[in-house]
Amino acid sequence: MAETKREIRIKQLAELLIGREKVHLKAAADSLNVSEMTIRRDFTEPNELVSLIGGYVVRKQGRSQNSGYFLDEQSANHVEEKKLIGQKAAQHVLENQTVFFDNGTSIVHIIQAIDDKIPFTGVCFSMNIFVALKRKPNCQVVLCGGAYDPKFNNFYPLSEQSEIDNIRFDTVFISAAGVDPEQGITCYSFNELPYKRKAIKQTASVVLAADHSKLGVVKSAFVCPLSAVHHFISDKALPPEYLIK
């Protein structure tokens, strides 16, 4: 059975999102050479690839029943705050450094804010981060492999040994689903912990990037104590208990 024009447009929208968190409705309509109203009508029926949230087309990911994490919702949340964090954090990336990039939508904004002229090596374990790094013209990308977790779009190691064991980092960027002075830095998925923890142990500088909505939040998977962080970059002034000493 031949695909309908709507089905073709939905697939085109999904392709348009490769390497991006979101695309504004107008930009999406212009790229497909149709009206914004046509795109809006396409979303009156459900599809498995993309969603329309707050005037932006975002990629649809399966929700984890146990985690509560939904990537397209996270991409659309606190976008301006994450852009600000990205601009601040990107200043920590210097020429010819080796940098680890955690998963999470805040990390994508850091990568986008890095000057294209800076040569660096970017190491990651997330498909979204890999695609973002691949767009930087002077970045040598290393993707840590393993089993693919479709719920979070990440890879995780199948044994104690992995590519990351042979790498030492100048800077490690860590994201968080929750940051608490007592309970530390937490995330949704236990599968992410091996790469995160090894990177933290193998670096000279840990940079935590998290917007103010993560403060006081505790999730199930413990990454590290707040004391393991050298720089905490957020969109607002941090309360005294969160300041790095």
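Residues are classed as buried under 20% relative accessible area, exposed over 50% and partly exposed in between, with a 1.4 Å probe and protein chains only. The structure is a predicted model, in which local features need pLDDT of at least 70, side-chain atom pairs count only at pLDDT 80 or more, and totals for chains, interfaces and linings use all residues. Numbering runs from 1 along each chain as its sequence is written, and side-chain values use heavy atoms, without hydrogens and water.

Salt bridges (a side-chain nitrogen of Lys or Arg within 4 Å of a carboxyl oxygen of Asp or Glu) number 7 in the whole structure. In one of them, the side chains of D116 and K136 meet at 2.7 Å, N to O. D116 is partly exposed, with a relative accessible area of 39%, whereas K136 is buried at 8%. A second pair joins K198 to D165 at 2.8 Å, N to O. Because K198 lies in helix α8 and D165 in the loop between β8 (154–156) and β9, this pair ties together parts 33 residues apart in sequence; helices (H or I, at least four residues) and strands (E, at least two) are DSSP runs numbered from the N terminus. D165 is buried, with a relative accessible area of 19%.
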